[in-house]
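Me: I'd like to learn to read this model with you. Could we go through it step by step?

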Amino acid sequence: MDKIDRLAIETLRTLSAEEINSANSGHPGVALGAAPIVYTLYAKVLKVNPRDPEWINRDRFILGAGHGSSLLYATLHVAGFGVTIDDLKNFRKIDSRTPGHPELHITSGVDASSGPLGQGIPEAIGMAIAESQLAEKYNRGGIKLIDHYTYVLVGDGDIQEGVTQEALSFGGYHGLDKLIILYDSNDVQLDGRVDACINENTKAKLEAMGYYYQIVRYTENIDDIEAAINNAKKSGKPSFIEFKTTIGKGATHEGTNKVHGAPLPIEDVTRFRETIGGEPFDVSEEVYARFRERNEYNQKVYEEYMNSRFQYQTRFPEMFEEFDNQINGDIDIDIRKDLPEYDFSYEKATRMASGEILNILCNKDPRMIGGAADVQSSCKAQGIDGDYSINNRLGRNIRYGVREHAMAAISNGLTIHGGFRAFCGGFFVFSDYLKPAMRLSALMGLQVLYLFSHDTVAVGEDGPTHQPVEQVTMLRSIPNLNVIRPCDAVEVKEAYDVYLKNKNRPTVILLTRQAVPTIREDMGENKLAKGGYIFYPEQGELNLIIMANGSEVSLAVNVARELEEHNVYARVVSMPCFNLFDEQSKEYQESVLPRGVRRVALEADDAVHFYKYLGLDDQLINIDSFGISGKANLVMDYFGFNVESVVKKILK
């Protein structure tokens, strides 16, 4: 470690403090404490290329402790990723390239949106799985198309989160030796000392989970940091390095929770600047030069990789084409030619149709990978090529165990990495456990597929703990998320088509446990793609519109036919995906739901989003209480979801 290293670290600390004070908002504690770790990564360790920040074989870095974003942005600036001084001055301001927490697609060099504590480690695990499978599949003849590490920097808060415990257990079990977790262990969190709420033996815990554990007690010497990382690479195990840092290093209140989440006193910031010299936001040429040295080294590594890539293409042209297609291309799936054709004789649960379609997609598209939270046999979310494991890196079925929290976040990491379309499945009522990561899927615009079966109180005997009611409202409230509830096998197929075509949006498909009839012909255009459409046209002068989705569509059709006996002519509209319908033209929406016609909405759950299509004189038939134990058909009868009850409510 030389004086330039020391100057660079103090420069990162100073820039971080100046960003935060310019915004009058931010978290200086981790930025000041972890500066030597992040500096060592970017100046000494990471294999990255700012000229090609999406390079598939780059090392990945996730700032799990995303509230330390000021440090990451300062580092990306001096490391040449195109983050400007003006970007640093606009930290946390509207429409800036330096938002409060790192966000994918906004800032060059940011590998994942992070900051909700606990999400960083499972995201990194997803990336490490992707690396291991691509390496096993394509590396040959002494040429490595994929050979990189995934690093994640986390803090005390991350380590305490439940999702992290699930993820650490999963990562250790699968022996992900290209995963290196950097733990900023400063013994302080927002409310005070860490030992006020936890006293675990971190070393014993991580070693028991299968990690190579190290501790670095003095983190101001980057030689020790670099040595620990190099040891981790040689260990043959997933690695966990605990760094005993000082929160808010150098500030007046260093080592206390006072420096966690508020700007420093101006005297502290001034003192930091005086230490390195120059005006606010200045960076010395010596510091820029140090990072240019690293970039020049990495540029040579990059050029060597591109040369070996060309050699690979020459020696293994077919494998190279497959690799290039998996990373950069697209696999065309024609739902009319490639997927089963369903007729009226098909009367199975929609989860069964989903499982059949998913299996075909996995066989046709090498990017499809995923599994379920110990309910593969129930929700039919299962991959192919065997179970992914330390002995079968090519397996595309992931046995997540009962780890719903981590499963969704790992799916995000798999998809972010490149080369994969991740899916995961579970019972719909437990989508609550996945929600934080699902929200990040939508925020990042990831093509993750969520398959939830047992979609209503028709779960039956398991009762209210397993019967979803309010979950559909939760998911429909998430922006940029397609929530699709198909009525039969034909709509399931069309839902998959929507998923395949929406490359910048996650998709949820809600599936029945109980058998449902196929009630639509399997031909022509994808009607579901418009979110809502006329399913059963009125058989006379239009008096009523019945909106429904899922298993209630067949009920709505039977209700409409019964109403015809009372000279009431109803149109049935299938509404499997509200936000897709809302994105259609006003002309189309009004052709399906013309004004001035009474409307009834029918859905066996909370269904409050239907209110936006209902007027004061219209009616919502839903379930606004918890469920009840009993046979599925009797439970549906109990809540009035049968022809007799619905007709009576409508006529009344």
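Me: Which helix gives the most to the lining of the second largest pocket?
Reply: The model is predicted, local features need pLDDT of at least 70 and side-chain atom pairs 80 or more, while totals for chains, interfaces and linings use all residues. Residues are numbered from 1 along each chain as its sequence is written, and side-chain values use heavy atoms, without hydrogens and water. A pocket is an open set of points on a 1 Å grid over the protein atoms alone, where a 1.4 Å probe fits with protein on both sides within 12 Å along at least five of seven lines, and lining residues have an atom within 4 Å of a point. With four lining residues, the top contributor is helix 24.

Me: What volume does the second largest pocket have?
Reply: Of its 16 lining residues, Q514, S551, S554, M636 and F641 are the closest to the centre. Strand 15 (516-517), helix 21 (552-564) and helix 24 (632-638) each give two or more residues to this lining; helices (H or I, at least four residues) and strands (E, at least two) are DSSP runs numbered from the N terminus. Counting the space filled by probe spheres set on the grid points, which are joined across faces, edges and corners, the volume is about 300 Å³.

Me: And how many charged residues line the largest pocket?
Reply: This pocket has a volume of about 860 Å³, and among the 38 lining residues, E54, I327, I416, H417 and G418 are the closest to its centre. Ala, Val, Leu, Ile, Met, Phe, Trp, Tyr, Cys and Pro count as nonpolar, Asp, Glu, Lys and Arg as charged, and the others, Gly among them, as polar. The lining has 14 nonpolar residues and 14 polar ones, and its charged residues number ten.

Me: Which residue of strand 11 is the bridge partner of A372?
Reply: Strand 9 (residues 368-372) and strand 11 (residues 421-427) run parallel, joined by five bridges. Look at A372 and across to strand 11: the partner is G425.

Me: Last one: how far does helix 15 reach from its first C-alpha to its last?
Reply: Helix 15 (residues 350-364) has 15 residues. The expected span is 1.5 Å times one less than the number of residues, and for this helix that gives 21 Å. The model comes close to it, with a reach of 21 Å.

Notes
Pairing = 2+ DSSP bridges.
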